[in-house]
Amino acid sequence: MRSWPSVYLPPSDNSAEHPPLRLTDSYSSKKEELEDFAVASYVCGITPYDATHLGHAATYLTFDLIHRFVIASGRTLHYTQNITDIDEPLLERAKRDNQNWEDLATSQIDLFREDMTELRILPPNNYLGVVESMSTVIKYIKALIATGKTYDLQGDIYLDLSKVQGALENLPVAINEALNIFAARGGDPGRAGKRHPLDTLIWSVERPGEPSWQSPFGTGRPGWHIECVAIALETLTGQPSSEKESSASISLQGGGSDLRFPHHYMTSVQARAITNRSFAKTYLHTGMIAWQGEKMSKSLGNLVFVSKLREAGWSGNEIRFALINRDYRVDLNWEMRMLEEARANLHRINSALSREEVAPTRYVVSKIRDSISNDLNVEGAIASVLDWCSETELGAKGGSAGELSRALDLYLGITL
Ligand code: ZN
């Protein structure tokens with residue numbers, strides 16, 4: 001799939017020492033260093049309907065900050081993002097709106113690309129839809145079946161979790177909660193004949209009126225989690241490298257916190273069943289965005305779209321500033337005043353940068369670097385920039401506006 005245009009990054013200051021990037025792992029809750037010299041990052045993409053709401057934008061902006069820091073610190077980034085362009089909700093929406101599901105997907109992917117471009121998010125090296133990756137997905141399903149850890153249920157294929165070491169013992173939530181979340185997020189814990197209610201669907205036999213593909217194990221379509229396993233392992237395996245021997249297939253996997261369970265947990269279990277090694281070294285999940293007190297979600301229909309905000313006159317830069325200026329792990333109750341504040345702050349920074357003389361900038365640039373390296377503390381980075389504005393407004397001298405404006409672009413993606 002065609003990605004969106006690349007984004008210009010100002011050169012990094014080679015003489016500057018970049019602290020290690022420390023991120024909170026969502027399963028261990030510990031801060032871990034992203035130490036790979038070549039970082040292999042997999043961020044789950046959209047199901048192409050209802051794109052791009054602010055929850056999506058906040059997630060991809062968070063990973064964009066990580067990717068920018070990796071590149072700025074002189075390391076290589078290998079970044080893959082998928083598109084779940086065949087999925088139950090997509091088919092349901094197309095049916096509801098009496099639209100062809102492929103046309104709906106294409107129009108939403110186009111809109112998503114436009115929004116990502118406006119938000120100045122670095123594009124992935126591999127941007128892959130499931131449909132175009134079907135032969136890869138089938139290859140990994142074959143590999144999983146070959147391990148002897150799957151079983152057949154009326155033509156559908158399931159992974160037997162009891163055969164993957166630790167899969168049922170290390171659930172990130174209590175079993176009752178796991179069953180509830182699993183049911184709410186596409187799982188089928190109640191299906192008769194399953195060996196364990198949490199066993200995940202790998203391949204689903206053809207259903208009348210639904211799209212299907214030929215495979216050595218019958219005509220049908222893949223389950224959700226195995227798609228990400230296949231696309232990630234195919235494009236990123238062998239990419240992570242560090243001084244130490246890597247124990248995991250990739251460096252980083254992430255997405256919104258609603259993917260923590262079951263999607264990312266089951267992805268890691270399935271990948272482990274195939275490769276016999278951990279899937280990702282670090283997992284990172286971003287908080288949900290709520291609107292008028294309710295989590296923004298397709299089912300509630302309370303979505304705020306990037307494209308609508310752009311139509312209303314808000315720039316990608318303003319939307320970006322408003323969404324990144326927060327603790328990425330915490331849920332955010334979105335308010336329109338955040339855009340007003342972003343506009344005012346950007347105006348203030350721009351005015352300070354336009355002065356003949358500006359306050360010293362070397363210190364504030366290193367504060368931006370230190371803050372971002374400390375679990376993406378964007379609020380800390382922006383606070384130091386606003387302090388610098390105050391000093392400049394009071395007449396301090398000796399800095400270079402160009403130096404600070406390049407750092408704002410490089411680390412935060414903000415252009416002035
Ligand atoms: Zn995924």
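Of the 13 residues of helix α6, 11 are buried, so this helix is largely enclosed by the rest of the structure. The model is a predicted one. Helix α1 is likewise largely enclosed, because 18 of its 19 residues are buried. Helix α10 packs against α12 at an angle of about 45 degrees, and its axis crosses that of α9 at roughly 110 degrees.

**Enclosed helices**

- Helix α6 covers residues 224-236, and its 13 residues should span 18 Å at 1.5 Å a residue; the end C-alpha atoms are 19 Å apart, which agrees.
- The buried residues of α6 are His225, Ile226, Glu227, Cys228, Val229, Ala230, Ile231, Ala232, Leu233, Thr235 and Leu236.
- Helix α1, residues 54-72, reaches 26 Å from its first C-alpha to its last, close to the 27 Å expected for 19 residues at 1.5 Å a residue.
- Gly74 follows α1 and has a positive phi, near 85 degrees.

**Packing of α10 with α12**

- Helix α10 spans residues 337-353 and helix α12 residues 378-393; their axes are 10 Å apart.
- The angle between them is about 45 degrees, and α10 and α12 are therefore oblique to each other.
- The crossing of α10 past α12 is left-handed.
- On the α10 side the contact is made by Asn345, Arg348, Ile349, Ala352 and Leu353, which meet Val385, Leu386, Trp388, Cys389, Ser390, Thr392 and Glu393 of α12.
- By type, the residues of this contact between α10 and α12 are seven nonpolar, three polar and two charged.

**Packing of α9 with α10**

- The axis of helix α9, residues 316-324, comes within 8 Å of the axis of α10.
- With a crossing angle of roughly 110 degrees, α9 and α10 are therefore roughly perpendicular to each other.
- Asn317, Glu318, Ile319, Phe321 and Ala322 of α9 meet Met338, Leu339, Ala342, Arg343, Asn345, Leu346 and Ile349 of α10.
- The contact of α9 with α10 consists of eight nonpolar, two polar and two charged residues.
- Asn345 and Ile349 of α10 are listed in the contact with α9 and also in the contact with α12.

- Leu122 sits in the loop between α3 (101-118) and β5 (126-129).
- Its relative accessible area is 7%, so Leu122 counts as buried, the cut-off being under 20%.
- Leaving aside residues up to four places away in sequence, Leu122 touches Trp4, Val7, Leu9, Asp64, His67, Arg68, Ile71 and Tyr79.
- Between Leu122 and Glu318 there are 17 Å from C-alpha to C-alpha, while in sequence these two are 196 residues apart.

**Cis peptide bonds**

- Ala51 and Thr52 are joined by a cis peptide bond with omega of about -15 degrees; Thr52 is in the loop between β3 (38-43) and α1.
- The bond from Phe261 to Pro262 is also cis, and its omega is near 0 degrees; Pro262 belongs to helix α7, residues 260-275.

**Positive phi outside glycine**

- Ser29, not a glycine, has a positive phi of about 60 degrees.
- Ser29 is in the loop between β1 (22-24) and β2 (31-33), and it is exposed, with a relative accessible area of 57%.
- Asp375, not a glycine either, has a positive phi of about 60 degrees.
- Asp375 is in the loop between α11 (362-373) and α12, and at 7% relative accessibility Asp375 counts as buried.

Technical notes:
Residues are numbered from 1 along each chain as its sequence is written. This is a predicted model: local features need pLDDT of at least 70, side-chain atom pairs count only at pLDDT 80 or more; totals for chains, interfaces and linings use all residues. Side-chain values use heavy atoms; hydrogens and water are left out. Axes are lines fitted to C-alpha atoms, for helices over the stretch in contact, and angles run from 0 to 180 degrees between N-to-C directions. Helices (H or I, at least four residues) and strands (E, at least two) are DSSP runs, numbered from the N terminus. Angles under 35 degrees count as roughly parallel, over 145 as roughly antiparallel, 65 to 115 as roughly perpendicular and the rest as oblique. A crossing is left-handed if the near helix is turned anticlockwise from the far one by less than a right angle, and right-handed if clockwise. Contact means heavy atoms within 4.5 Å. Ala, Val, Leu, Ile, Met, Phe, Trp, Tyr, Cys and Pro count as nonpolar, Asp, Glu, Lys and Arg as charged, and the others, Gly among them, as polar. The expected span of a helix is 1.5 Å times one less than its number of residues. Buried means under 20% relative accessible area, exposed over 50%, partly exposed in between (1.4 Å probe, protein chains only).
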